[in-house]
Amino acid sequence: GMWSLVVTAAGAADWPECIERGTIIRNAGKAIMMDMTQHGATMGCFLHDCRNTDKMAVATTGQCAGICNAIPDCTWWTSGEEDGQLKCWVRTADDGRQTKEGFVAGHRDCAPPSWPHCIERGVVIRNAGKAIMTNLTPFGATAGCFLNDCKYTDKFAVVSHDQCASTCAQIPDCQFWTSGEED
């Protein structure tokens, strides 16, 4: 199978300068309601349904920008804290633009250039004593776990490399991830 690894990549010349600080883009009829699980959504979604939502919990503003950039209909993204989580909202336009301290927004082109260009193809990271054994059930882990125990595992079944990368980004000690079909 194909294995992947995220490594550090340089940012675009206009990232993060292109971010509009102190700005929120509210719904105003321009929310994109969609299945965000394909972008790694596991929590922080509208009515707790990540399959029909315009928002999701993210680890970073850059992740939010990258998600918008990957959605063809998304032209604006906004990010800020809601219910104690950093969240990301995707929009078709910026009609709902308002000033709000602590929030940021950007055009779809305002995104770090690293994803998915930072993926190293054909590489696998083996344990080598660096595996993070943790409870992955809050991230949607239900199968493919070490000894079938998703509450103490360093692996789980994912639908995409995005889901693996997003999960790693939400775990403080995780610096690298690898994804692919297990032998």
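Of the 183 residues in the protein, 41% are buried; buried means under 20% relative accessible area, exposed means over 50%, and partly exposed lies in between (1.4 Å probe, protein chains only). This is a predicted model, in which local features need pLDDT of at least 70 and side-chain atom pairs count only at pLDDT 80 or more, while totals for chains, interfaces and linings use all residues. Residues are numbered from 1 along each chain as its sequence is written, and side-chain values use heavy atoms, with hydrogens and water left out.

**Overall build**

The protein has 2 helices and 7 strands, where helices (H or I, at least four residues) and strands (E, at least two) are DSSP runs numbered from the N terminus. Starting at the N terminus, the elements follow the order β-β-β-α-β-β-β-α-β. A contact means heavy atoms within 4.5 Å. Among contacts between residues at least 6 apart in sequence, 61% join residues at least 24 apart. The protein exposes about 10000 Å², of which carbon and sulfur atoms supply 50%; accessible areas come from the Shrake-Rupley method with a 1.4 Å probe, and for residues only the protein chains shown count as cover.

**The sheet and the helices**

An open sheet of 5 strands is built in the order β2-β6-β4-β5-β3, with antiparallel pairing. Its edge strands, β2 and β3, each pair on one side only; two strands pair if DSSP finds at least two bridges between them. From one strand to the next, the twist averages 40°. Inside the sheet, β4 (residues 76-82) and β6 (residues 96-107) run antiparallel and are joined by 4 bridges. W76 has H107 in β6 as its bridge partner.

Helix α1 lies across β3, β4, β5 (85-91) and β6, and runs at about 145° to β4. Axes here are lines fitted to C-alpha atoms, for helices over the stretch in contact, and angles run from 0 to 180 degrees between N-to-C directions. In helix α2 (residues 161-169), the residues Q163, C164, A165, S166, T167 and C168 are buried. The cover over the buried residues of α2 includes α1 (61-70) and β7 (178-179).

**Salt bridges**

A salt bridge is a side-chain nitrogen of Lys or Arg within 4 Å of a carboxyl oxygen of Asp or Glu. By this rule the count comes to 9 salt bridges. The table lists some of them.

| Pair | N to O distance |
|---|---|
| R97 and E20 | 2.3 Å |
| D94 and R97 | 2.8 Å |
| K87 and D83 | 3.7 Å |

Is K87 buried or exposed? K87 is buried, because its relative accessible area is 3%.

**A nonpolar patch**

M33, F46 and L47 make a nonpolar surface patch of about 310 Å². Patches are made of residues with over 30% relative accessible area and no salt bridge, with like charges joined within 9 Å and nonpolar side chains (Val, Leu, Ile, Met, Phe, Trp, Tyr) within 5 Å. L47 sits in the loop between β2 (20-26) and β3 (55-57), and L47 is exposed, with a relative accessible area of 69%.
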